[in-house]
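Work through the exercises below with the sequence and the 3D structure at hand. Try each task before reading its solution.

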Amino acid sequence: MDVLGELWRRALATQPVPDQRTSAIIAAVALAAVLLAWPGVRLLVTVCHEAGHAVVATLVGRRLGGIRLHSDTSGVTVSRGRPSGPGMVATLFAGYPAAAVVGLGAAWLAGAGHASGLLWLLVVLLALMLLKIRNLYGALVVVGSGAVVALASWYLGGEALSWLATGLAWLFLLAAPRPVVELLFAHRPGSDAAQLAGLTRVPKVVWNLTWLVLTVGALLLGGAWMLRLPA
C-alpha cells in the first residue's frame, strides 16, 4: 500500500517545464534520433501504430484478437467483426496518426508540468497492451519499454523527468510523418491505405495525404506548445 501511495503521489506531482531554449535543444536531439537511429525509433512508432488500431477497434465494438510486433519494425493487429463498414474503416485509419496523437498528448501534459503523470500513464498503457501481445518479440519490446519508463519515472528527479517527457513528445511528433512519407512512395498492396482504398473507393494517395496533413499538423501544434510560440 505504501508503494501504491507513493506511485499515486508521484503521478500527481508537478515538475518544472523546460524553457524555450532547453526545449529546442531537446527537439534537436530527438530529430537526430529520428534521422540517425530510425530502426529503433520506428519500432516505438510501430508500438503506437498497432496500439492505435487496437484502441479504435475496441471503441467501435470489434473484438480484438491480438497484436504482434516484429523485429523488422513491422506489426499487425487482428480484430474480428464486420469486414467492411465505418468500424473497419476507422480501425484501419487509426494506425498512422497514432504516434502523432501520443506525441501531442505528451506535449500537452509535459507542458502542463505533468511529466511524471505522463510517464506513469505510458507504463499503464503498455501494461494493458501487453495483455494483447501474441508473440515473444512483441512482449519483450513492450515489457522492456515499460520497464525503462517505469525505472526512469521512479529514480529521476523532477527536472530530468520533464526533459524525458518533453523528449518523448518531440520524438513521437517528429517521427510520425516519416512512415507516412515512406508509404507514399512505396508500393505495398496490403498496406492500410490500400485496404482503405478497397473498402471506400477513395484512392490510396488521398489517405496518405490525409495522414501526412494530420501528422505534420500535430508536429506544428505540439512544437508550438513546447517552444511556447504565440498562438
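A residue is called buried under 20% relative accessible area, exposed over 50%, and partly exposed in between. The structure used here is a predicted model.

**Exercise 1. Salt bridges**

Task: Find how many salt bridges the structure holds, and work out how Arg42, Arg178 and Glu182 are linked.

Solution: 
1. The structure holds two salt bridges.
2. One of them joins the side chains of glutamate 182 and arginine 42, with 3.3 Å from N to O. This pair links distant parts of the chain: glutamate 182 belongs to helix H9 (residues 177–184) and arginine 42 to helix H3 (residues 38–59), 140 residues apart.
3. Arginine 178 also forms a salt bridge with glutamate 182, and the closest N and O atoms are 3.3 Å apart. Both of these residues lie in helix H9, four residues apart, which is about one turn of the helix.
4. Arg42, Arg178 and Glu182 are therefore linked in a network of salt bridges, given that a salt bridge needs a side-chain nitrogen of Lys or Arg within 4 Å of a carboxyl oxygen of Asp or Glu.

**Exercise 2. Accessibility in the network**

Task: Decide whether glutamate 182, arginine 178 and arginine 42 are buried, partly exposed or exposed.

Solution: 
1. Glutamate 182 has a relative accessibility of 24%, so it counts as partly exposed.
2. Arginine 178, with a relative accessible area of 29%, is partly exposed.
3. Arginine 42 has a relative accessible area of 16%, so it is buried.

**Exercise 3. A surface patch**

Task: Which residues form a nonpolar patch on the surface, and how is valine 124 classified?

Solution: 
1. The patch is formed by Leu121, Val124, Leu125, Leu128 and Leu131, which together have about 480 Å² of accessible area.
2. Valine 124 lies in helix H6 (residues 115–130).
3. Its relative accessibility is 47%, so valine 124 counts as partly exposed.

Note on methods. Residues numbered from 1 in each chain as written. Predicted model: local features only at pLDDT ≥ 70, side-chain atom pairs only at ≥ 80, totals over all residues. Heavy atoms only, no water. Patch = residues over 30% accessible without salt bridge, like charges linked within 9 Å, V, L, I, M, F, W, Y side chains within 5 Å. Areas by Shrake-Rupley, 256 points an atom, 1.4 Å probe, with all protein chains shown as cover. Helix = DSSP H or I, 4+ residues; strand = E, 2+ residues; numbered from the N terminus. Buried < 20%, exposed > 50% of the residue type's maximum accessible area, 1.4 Å probe, protein only.
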